[in-house]
Amino acid sequence: MNVEELVDKVASGEIKLHQVEKYTDGDKRLATEIRRKALEKKLGVSLENIGHYSIDPNRLIGKNIENMIGVVQIPMGVAGPLKINGEYAKGEFYIPLATTEGALVASVNRGCSALTAAGGVKTTIIGDKMTRAPLLKCPDARRAREVAEWVKANIDYLQEKAVSKVTSHGKLRDVKPYIVGNNLYLRFEFETGDAMGMNMVTISSEEIMKVIEEHFPDVRYLALSGNLCVDKKPNAMNFINGRGKTVIAEAVIPREIVEKKLKTTPELIAEVNYRKNLVGSAQAGSYGFNAHFANIVGAIFLATGQDEAQITEGSHGITLAEVTPEGDLYISVTMPSLEIGTVGGGTRVPTQREALSIMGVAGGGDPPGTNAKKFAEIIAGAVLAGELSLLAAIAAKHLAKAHAELGR
Ligand SMILES: CC(C)(COP(=O)([O-])OP(=O)([O-])OC[C@H]1O[C@@H](n2cnc3c(N)ncnc32)[C@H](O)[C@@H]1OP(=O)([O-])[O-])[C@@H](O)C(=O)NCCC(=O)NCCSC(=O)C[C@@](C)(O)CC(=O)[O-]
Ligand SMILES: NC(=O)C1=CN([C@@H]2O[C@H](COP(=O)(O)OP(=O)(O)OC[C@H]3O[C@@H](n4cnc5c(N)ncnc54)[C@H](OP(=O)(O)O)[C@@H]3O)[C@@H](O)[C@H]2O)C=CC1
């Protein structure tokens with residue numbers, strides 16, 4: 001069958017969108033073209049721009065995407081340099097940001113400029129785990145408690161008998177059980193090296209379920225995710241207990257820099273932060289006691305191939321600002337759930353991998369896990385830059401003007 005005939009058959013529905021590869025000898029680039037042309041024909045629209053790309057569908061379909069028709073292009077800017085005095089990220093970094101929100105890159109760039117002039121950002125990782133919480137249906141709550149106690153006492157056994165069979169980098173470290181009636185939720189905590197880890201922990205958890213069902217035949221494993229993981233939903237669990245990397249970035253900015261670069265004062269920034277990010281967010285019942293973590297997390301996630309749905313939890317966290325006894329500004333961001341990786345998932349797409357290479361974090365670290373931690377520190381530093389600049393703009397009443405000038 002020639003290409004025109006294939007396009008016609010896909011447009012008419014005789015061949016389904018996901019069946020096209022069967023007719024192209026496995027050529028996924030050609031299948032992508034055929035699907036797009038069929039859609040253009042059926043809908044009477046032009047998808048010309050979606051059809052321009054350099055990445056190879058043959059490397060993506062089957063790993064990263066199905067029914068591929070092309071690529072969406074999001075402009076990418078860069079902010080920096082940002083000086084980071086971390087435990088993994090040490091030195092000056094440029095941060096790639098993919099966004100269509102005018103003024104965002106300028107804002108992060110201004111924050112980077114002020115923070116670097118002030119000597120840089122100090123970053124500290126206080127937690128590192130990826131979680132999966134399968135749901136088991138037990139005869140009653142007492143049995144659920146027995147199973148939970150057995151699991152807690154057998155972490156090493158489960159690592160050896162189940163987890164090590166399916167991953168070399170994934171390590172089961174702990175479990176937090178939750179019981180509701182006869183339902184048992186086992187929130188497993190894993191180390192996942194440089195991977196964000198969701199495939200790794202999901203595949204591992206299924207193996208663990210097999211072992212538990214063998215030991216407890218009266219207990220039925222019902223769902224691999226019982227929603228206490230918690231993945232891709234706003235929630236108090238991750239806010240309190242952390243998921244992915246839990247990171248803090250902080251800095252002291254001399255008064256002169258606040259006045260010159262940010263056009264305001266430490267007092268006004270601290271007051272706006274208190275009344276807006278803390279009191280305002282409390283009144284709103286928000287998990288984001290911050291101005292716009294999601295802006296920076298989202299733009300970095302899109303640039304670097306992270307799972308965009310996890311921007312949800314990346315938006316959780318607290319910004320603090322206070323005036324030091326010397327009259328300077330102390331500012332920090334605490335990010336409980338930064339679910340990121342430098343291997344696996346979308347990080348292998350060539351454009352996203354190049355974006356990771358801008359920060360020197362593409363691929364696995366030596367030892368494994370160090371690249372992902374370095375990346376987490378850089379993200380937290382960039383988020384601090386964004387918070388600082390936006391808070392300053394709001395304090396100086398420059399927000400509307402900035403967006404009128406750069407965003408319309
Ligand atoms: C726009 C600025 C930065 C101007 O700020 P400015 O101080 O008037 O700019 P400036 O010309 O004096 O330059 C100061 C620094 O800003 C940077 N800068 C300045 N212009 C550019 C540019 N074109 N491209 C790149 N960088 C730029 C640059 O770093 C420069 O320093 P230098 O490096 O030259 O020493 C400032 O007004 C600002 O940061 N505004 C805040 C904008 C912002 O943060 N927007 C985020 C989106 S808001 C939103 O989505 C969330 C929200 C608001 O709804 C959440 C909430 O409820 O709070
Ligand atoms: N399955 C699910 O329920 C969900 C899946 N996802 C998706 O999961 C994907 C991410 O899963 P994730 O597990 O991170 O990625 P992958 O499934 O790609 O797993 C990472 C792979 O990299 C290997 N690896 C090589 N070097 C390293 C290193 N230094 N550190 C860690 N691993 C290394 C691992 O080997 P080895 O395992 O042998 O150690 C493993 O095969 C994303 O596409 C995301 O969208 C998101 C949410 C839910």
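This is a predicted model: local features need pLDDT of at least 70, side-chain atom pairs count only at pLDDT 80 or more; totals for chains, interfaces and linings use all residues.
An oxygen atom of ligand 2 lies 2.6 Å from a polar backbone atom of G197.

## The surroundings of ligand 2

G197 belongs to a group of 23 residues that surround ligand 2, and the closest of these are T167, H169, D194, G197 and D307. The backbone of H169 also takes part: one of its polar atoms is 2.6 Å from an oxygen atom of the ligand. For M200, the separation between a polar backbone atom and an oxygen atom of ligand 2 is 2.9 Å. The protein covers 70% of the 940 Å² of accessible area that ligand 2 has on its own.

## The surroundings of ligand 1

Ligand 1 is surrounded by 20 residues, and S107, K261, K263, K276 and S389 are the closest. Here side chains supply polar atoms. An N or O atom in the side chain of K276 is 2.4 Å from an oxygen atom of ligand 1, and the corresponding value for the side chain of S389 is 2.7 Å. A polar side-chain atom of S113 is found 3.5 Å from an oxygen atom of the ligand.

Of the 1100 Å² of accessible area that ligand 1 has on its own, the protein covers 62%. Helix 4 (104–117), helix 14 and helix 15 (399–406) are the elements that each give two or more residues to the shell around this ligand. Which element gives the largest share of the shell around ligand 1? That element is helix 4, with five residues.

The following table collects the ligand contacts described above.

| Residue and atom type | Ligand atom | Distance |
|---|---|---|
| G197, polar backbone atom | Oxygen of ligand 2 | 2.6 Å |
| H169, polar backbone atom | Oxygen of ligand 2 | 2.6 Å |
| M200, polar backbone atom | Oxygen of ligand 2 | 2.9 Å |
| K276, side-chain N or O atom | Oxygen of ligand 1 | 2.4 Å |
| S389, side-chain N or O atom | Oxygen of ligand 1 | 2.7 Å |
| S113, polar side-chain atom | Oxygen of ligand 1 | 3.5 Å |

In soluble globular proteins, nonpolar side chains tend to be buried together. In this model, the largest nonpolar core has 56 residues, and L97, L115, L338, I379 and L388 have the most contacts inside it. Helix 14 (residues 370–395) provides the largest share of this core, namely 14 residues.

When residues up to four places away in sequence are not counted, L97 touches P75, M76, G77, A79, V105, V108, I296, A299, I300 and A303.

## Strand pairs and hairpins

Strand 5 (residues 171–180) and strand 6 (residues 183–191) are paired in the antiparallel sense over nine bridges. Within this pair, K171 has E191 in strand 6 as its bridge partner. The two strands form a hairpin with two residues between them, in which G181 takes a positive phi near 60°.

Another antiparallel pair consists of strand 10 and strand 11 (residues 329–338), joined over six bridges. V323 stands opposite L329 of strand 11. How many residues lie between the two strands of this hairpin? There are five, and G327 in the turn has a positive phi of about 90°.

Strand 10 (residues 317–323) also pairs with strand 9 (residues 288–289), here in the parallel sense and over two bridges. In this pair, G288 has G317 in strand 10 as its bridge partner.

## Two buried residues

T123 is located in strand 3 (residues 121–132). Is this residue buried or exposed? T123 counts as buried because its relative accessible area is 2%, and the limit for a buried residue is under 20%. Its side chain is joined to that of E377 by a polar contact of 3.5 Å. Beyond its neighbours up to four places away in sequence, T123 touches I84, N85, G86, E87, I248, A249, E377 and G381.

L60 is located in helix 3 (residues 57–60). Its relative accessibility is 6%, so L60 also counts as buried. Apart from neighbours within four places in sequence, L60 is in contact with I55, I65, M68 and V349.

Conventions:
Residues are numbered from 1 along each chain as its sequence is written. Chains are lettered from A and ligands numbered from 1 in the order in which they are written. Side-chain values use heavy atoms; hydrogens and water are left out. Two strands pair if DSSP finds at least two bridges between them. Helices (H or I, at least four residues) and strands (E, at least two) are DSSP runs, numbered from the N terminus. A nonpolar core is a set of buried Ala, Val, Leu, Ile, Met, Phe, Trp, Tyr and Cys residues joined through side-chain atoms within 4.5 Å. Buried means under 20% relative accessible area, exposed over 50%, partly exposed in between (1.4 Å probe, protein chains only). Contact means heavy atoms within 4.5 Å. A residue is near a molecule or strand if one of its heavy atoms lies within 4 Å of it. A polar contact is a pair of N or O atoms within 3.5 Å; within protein, one must be able to donate a hydrogen and the other to accept it, and residues adjacent in sequence count only if both atoms are side-chain atoms. Accessible areas come from the Shrake-Rupley method with a 1.4 Å probe; for residues, only the protein chains shown count as cover.
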